[in-house]
Amino acid sequence: MKVLLTGAAGQLGHALRQRPAVGVELIATSRSGGDGLLALDLADAEACRAAVRDLQPDWVLNAGAYTAVDKAESEGGLAHAVNAGAPQAFAEALAETGGRLLQVSTDFVFNGRQGHPYRPEQPRDPLGVYGASKAAGEEAVAQVLGGSGRGVILRTSWVMGPVGRNFALTMLRLHREKPAIAVVADQVGCPTSTHTLAAACWRAIERTGPEGEAVTPILHWSDAGAASWYDVAVAVGELAEGLGLLERAAAVQPITTADYPTPAQRPSYSLLECTGSRQLLDLPAVHWRQALRQLLEGVT
Ligand SMILES: NC(=O)c1ccc[n+]([C@@H]2O[C@H](COP(=O)([O-])OP(=O)(O)OC[C@H]3O[C@@H](n4cnc5c(N)ncnc54)[C@H](OP(=O)(O)O)[C@@H]3O)[C@@H](O)[C@H]2O)c1
């Protein structure tokens, strides 16, 4: 099975390349290529269509994205080109070639106001430009491939791995550098390790039905439990200290979103209801703290 992977240099892409599913011929791409990766600019819709037509993959695993949530507020055109234009182009080309698309998406397609976990079929209502661009990408995939059952959207949240840019590694650095850190305690979601997320992506691909239909149109995948950013920052300090990555954790001070203004508004409660997806994928729930510990064990 031939899989065209985008975002291969990103944190999820890294984990996907480390343990590909059995029998997969992986064609991994990044924005500028090199290092064994093909060059594919996701802002170039025609290049995305051409890649599918030329390479004829069985699946496109679209893990690449414009992920700078705050910067997206002032770069809306680019965020939409990458996060909505690329999945639309992949879907259109795959509709011609007969391939399938796994589109990785985000809890930020929801507004976070309902106060209990979001189910996959609930309507999207993003707060910021990043969320809106990812929601538009989902809508394009559903519109172009929904009827054929050959498009799968896999939403996840608060992605963190041992390499790349993420909250856990930023906190680890701040614990090392500062005696005290202030972290937002009134935004609740769930961390997801790239390790468990990559396994869920590969399983979603493996679970294609006998007629080639997708396992389900929308999957939700995050690690188990719930946390605020403050909880995660405290856990990083405790776990890193226990693992000998730190001499002494910084004091973590809980603050409110109002104390830490950012260009983009973020959902205050964006837990994803994952029970049904875990059953469909037949994968165990791993508590976020356990997954975070495994992540930190992989930090060199
Ligand atoms: N990170 C999170 O907390 C989070 C939460 C929920 C959902 N997600 C979703 O999960 C998926 C994986 O995210 P991640 O955390 O692995 O993000 P990441 O580490 O930022 O990786 C994204 C990759 O996409 C690449 N990319 C951006 N623009 C591109 C372009 N024009 N052409 C080609 N490649 C481009 C980036 O390359 P450059 O580094 O060169 O820009 C980067 O390597 C994304 O769909 C994201 O929306 C992430």
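Which residue forms a salt bridge with R289? Here is my note on that and a few other spots.

1. Ground rules. This is a predicted model, where local features need pLDDT of at least 70, side-chain atom pairs count only at pLDDT 80 or more, and totals for chains, interfaces and linings use all residues. Residues are numbered from 1 along each chain as its sequence is written, and side-chain values use heavy atoms, with hydrogens and water left out.

2. The opening pair. R289 has E238 as its salt-bridge partner, with the closest N and O atoms 3.1 Å apart. (A salt bridge here is a side-chain nitrogen of Lys or Arg within 4 Å of a carboxyl oxygen of Asp or Glu.) This pair ties together distant parts of the chain, with R289 in helix 9 (residues 288-297) and E238 in helix 7 (residues 229-242), 51 residues apart. Helices are DSSP runs of H or I with at least four residues, strands are runs of E with at least two, and numbering goes from the N terminus. R289 is partly exposed at 33% relative accessibility, and E238 is partly exposed at 43%. (Buried means under 20% relative accessible area, exposed over 50%, and partly exposed in between, with a 1.4 Å probe and protein chains only.)

3. More charged pairs. Side chains of opposite charge can pair when their charged atoms come close. Searching the whole structure turns up 14 salt bridges. One of them joins the side chains of R49 and E92 at 2.8 Å, N to O. That pair also links distant parts of the chain: R49 sits in helix 2 (residues 45-55) and E92 in helix 3 (residues 76-97), 43 residues apart. E92 is partly exposed, at 27% relative accessibility. Look around this pair and you'll find a network of salt bridges linking E46, R49, R53, E92 and E96.

4. E177 and R173 form a salt bridge, their closest N and O atoms being 3.3 Å apart. Both belong to helix 5 (residues 167-177) and are four residues apart, about one turn of the helix. E177 counts as exposed at 51% relative accessibility, while R173 is partly exposed at 40%.

5. The sheet. Strands of a sheet pair through backbone hydrogen bonds, either parallel or antiparallel. In this model, seven strands make an open sheet with parallel pairing, in the order 3-2-1-4-5-6-11. Strand 3 (38-39) and strand 11 are at the edges, each with a single partner strand, so one side of each has no neighbour in the sheet. Two strands count as paired if DSSP finds at least two bridges between them. Strand 4 (residues 59-62) pairs with strand 5 in the parallel sense over four bridges, and N62 stands opposite Q103 in strand 5.

6. Strand 6 and its partners. All six of the six residues in strand 6 (residues 151-156) are buried. G151, I153 and R155 point one way, and V152, L154 and T156 the other way. Six bridges join strand 6 to strand 5 (residues 100-106) in parallel, with R155 the bridge partner of S105. Strand 6 also pairs in the parallel sense with strand 11 (residues 218-220) over three bridges, where L154 stands opposite L219.

7. Helix 3 against the sheet. This helix lies across strand 1 (2-6), strand 4 and strand 5, and runs at about 165° to strand 5. (Axes are lines fitted to C-alpha atoms, for helices over the stretch in contact, and angles run from 0 to 180 degrees between N-to-C directions; contact means heavy atoms within 4.5 Å.)

8. Two polar residues to look at. S270 lies in the loop between strand 13 (251-255) and helix 8 (275-281) and is buried, at 1% relative accessibility. Its side chain makes a polar contact of 2.7 Å with the side chain of D107. (A polar contact is a pair of N or O atoms within 3.5 Å; within protein, one must be able to donate a hydrogen and the other to accept it, and residues adjacent in sequence count only if both atoms are side-chain atoms.) Q11, in helix 1 (residues 11-18), is buried too, with a relative accessible area of 16%. The Q11 side chain reaches the backbone nitrogen of G161 at 3.1 Å. Beyond its neighbours within four places in sequence, Q11 is in contact with residues including V159, M160, G161 and T194.
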